[in-house]
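Colleague: I am new to this structure and would like to learn how its features are read. Could we go through them one at a time?

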Amino acid sequence: MKGDTVVIDTSLEHIFEHINQLPVFPKVVFKALKLLDDPDANLKELADLIRYDQGLNANFLRLANSARFGLSRQVTRLDMALALLGIDQIKEVLLVSAAKPYLDKPLQGYGMSGFELWTHSLAITVVSEVVSRKMGIQDSTTLFTACLMHDIGKVAMNVQIGLKNSEILQLVHQENVSFNEAEWKVVGGDHAVVGSEILRQWEFPFEIVRAVRNHHDPDLYIQDELSLWLSSCNTMTTLMGLSYGLDTFMYKIHPDLPKKLGLTYDFLFDVLQDSVIEFEKTRDMLYL
Ligand SMILES: [Fe+2]
Ligand SMILES: [Fe+2]
């Protein structure tokens, strides 16, 4: 019957038009990160900046009181909690707290239930930290941020992909194309391009926008170091068994990737082993 049918526009233009319906990433996080980049960073200034954000406040206190620190006395003040954490850890809590409301939802369109996108997003940040430590990557926060936000485009495309996923999977199986190539053929774009547009609108740094855009496209990520690391961390997270949904193991890897980054089997094995251990320690962040 006419009038009973709701037609959902699955075009990329429609998805792009609706990006601004997502609440904007909190600006206080960027301000706090900038403050922490100042070598004379003062934790009191930071506490003053975030004191009125109840969610952030609660997350810092919860983490300071978690088993990780094993304190005998309860930490009840934000400045005390901040003093317990290192600068990098404070940055991570800020980013993870702000990202969680966007990423801890089920994405039926991509075949991901409850906590799966959130678990994947947090697991890849753990891999990024292990990689940054082992490779001596200076700006580990940039790689951490790119990893945390890399699949944000799936949130905006979930409904459209849900309507088209059988068509996409048919293409993947019959034409031997990767999941993102099939997304391009069917919807006119993939979650990488949509995610990068979201991050551009939220004024994330350009190199992060670019790396997210490139993360499944071997011809693009091979040209840029941050994109290469993001794509590698994503693959390693899949190898840890912490990628979920219809698209798992459905992406192409550039044959020159290991050579470009100087990766060896021993290195990969080491990273995977450490990441599994580290991820267990980070589980409390899942519930922030
Ligand atoms: Fe992705
Ligand atoms: Fe991913």
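Modeller: Let us begin with burial: a residue is buried if 20 or more other C-beta atoms lie within 10 Å of its own, exposed if 12 or fewer, and partly exposed in between, with C-beta atoms placed from the backbone. This is a predicted model, in which local features need pLDDT of at least 70 and side-chain atom pairs count only at pLDDT 80 or more, while totals for chains, interfaces and linings use all residues. Residues are numbered from 1 along each chain as its sequence is written, and chains are lettered from A and ligands numbered from 1 in the order in which they are written.

Colleague: Is Phe249 buried or exposed?

Modeller: Phe249 counts as exposed, because it has 9 C-beta neighbours inside 10 Å. Most residues other than glycine have a negative phi. Phe249, although not a glycine, has a positive phi of about 65°, and its place is in the loop between α14 (225-239) and α15 (257-261).

Colleague: Where is Glu203 found, and what is its phi?

Modeller: Glu203 is found in the loop between α11 (191-201) and α12 (206-214), and it has a positive phi of about 65° although it is not a glycine. With 12 other C-beta atoms within 10 Å, Glu203 is exposed.

Colleague: How many helices and strands does the chain have?

Modeller: Helices (H or I, at least four residues) and strands (E, at least two) are DSSP runs, numbered from the N terminus; the chain has 16 helices and zero strands. The radius of gyration, taken over C-alpha atoms, is compared with a globule rule of 2.2 Å times the number of residues to the power 0.38. For this chain the radius is 20 Å, close to the 19 Å that the rule gives for 288 residues, so the chain is as compact as a globular protein of that length. Buried residues make up 40% of those 288.

Colleague: How do the axes of α6 and α8 cross?

Modeller: Axes are lines fitted to C-alpha atoms, for helices over the stretch in contact, and angles run from 0 to 180 degrees between N-to-C directions. Angles under 35 degrees count as roughly parallel, over 145 as roughly antiparallel, 65 to 115 as roughly perpendicular and the rest as oblique. The axes of α6 (residues 87-103) and α8 (residues 140-149) come within 11 Å and cross at roughly 20°, and the two helices are therefore roughly parallel to each other.
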